[in-house]
Amino acid sequence: KAAGYQVHNAARISALLDLGGVLGSVVAGLVADRLFHGAMISTCAPFAMATSVSLIILALAYDKGPSFKNALLLFSAGFFVAAPDGVLGGAAAKNIADYNANEDPKLPAAVSGFINGCGSIGAIVQGIGTAALVDTAGWSALFFCLAALMGLASITLTPAIQLEQTYLTQQGGRDLNSLPR
């Protein structure tokens, strides 16, 4: 309602976020394999930064009512958020455990539980925080807040990226220092 959409149009345009995510997941996998030599966590940082940028643009340029620009902005946000969401919520847990060369078979499950627990905390806070922020400061403030959090997330990936690069270099003799950053 706040954006000036009728219910059926709101449903259609919000689906573009998910459609972008589907395509973004596939592209992220190709990028990880072809440009990052299989380094999935390293792939997440540029996608997280691109998510942050797309959310800033969304906050600054979103129009009231249906438009091609709005559709493209939501599609872009979904496209870029897919890599960090999919990789960090899934395969990264096992990879981080493997990279630590710990023989404890319970470690991947513990790491996965920790990562998913952080996501659950985010979902709980989001439910309360989103409504309060939008009511107080509007949708643009929410998009700016999400952009800042994604920027912070991309920075906090640094230790995991370093661990991944060290591990993959040792395993395959590849020089991962030439990876895009």
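**Helix packing**

Analyst: Helix H1 (residues 7-34) and helix H3 (residues 68-88) pack at an angle of about 40°, their axes 6 Å apart. This is a predicted model, where local features need pLDDT of at least 70, side-chain atom pairs count only at pLDDT 80 or more, and totals for chains, interfaces and linings use all residues. Residues are numbered from 1 along each chain as its sequence is written, and side-chain values use heavy atoms, with hydrogens and water left out.

User: What counts as a helix, and how do you get axes and angles?

Analyst: Helices are DSSP runs of H or I, at least four residues, numbered from the N terminus. Axes are lines fitted to C-alpha atoms over the stretch in contact, and angles run from 0 to 180 degrees between N-to-C directions.

User: Which residues of H1 and H3 make the contact?

Analyst: Among them are Leu16, Gly20 and Leu23 of H1 and Ala71, Leu74 and Gly78 of H3; contact means heavy atoms within 4.5 Å.

User: Switching topic: how do H5 and H6 pack?

Analyst: Helix H5 (residues 107-137) meets helix H6 (residues 139-156) at about 130°, with axes 7 Å apart. The contact residues are Thr130, Leu133, Val134 and Ala137 of H5 plus Trp139, Ala141, Leu142 and Cys145 of H6.

User: And Val87, buried or exposed?

Analyst: Val87 is buried, at 17% relative accessible area (buried is under 20%, exposed over 50%, partly exposed in between, with a 1.4 Å probe and protein chains only). Val87 lies in H3.

User: What does Val87 touch, beyond residues up to four places away in sequence?

Analyst: Met40, Ile41, Cys44, Ala82 and Ala92.

Note on methods:
Helices (H or I, at least four residues) and strands (E, at least two) are DSSP runs, numbered from the N terminus.
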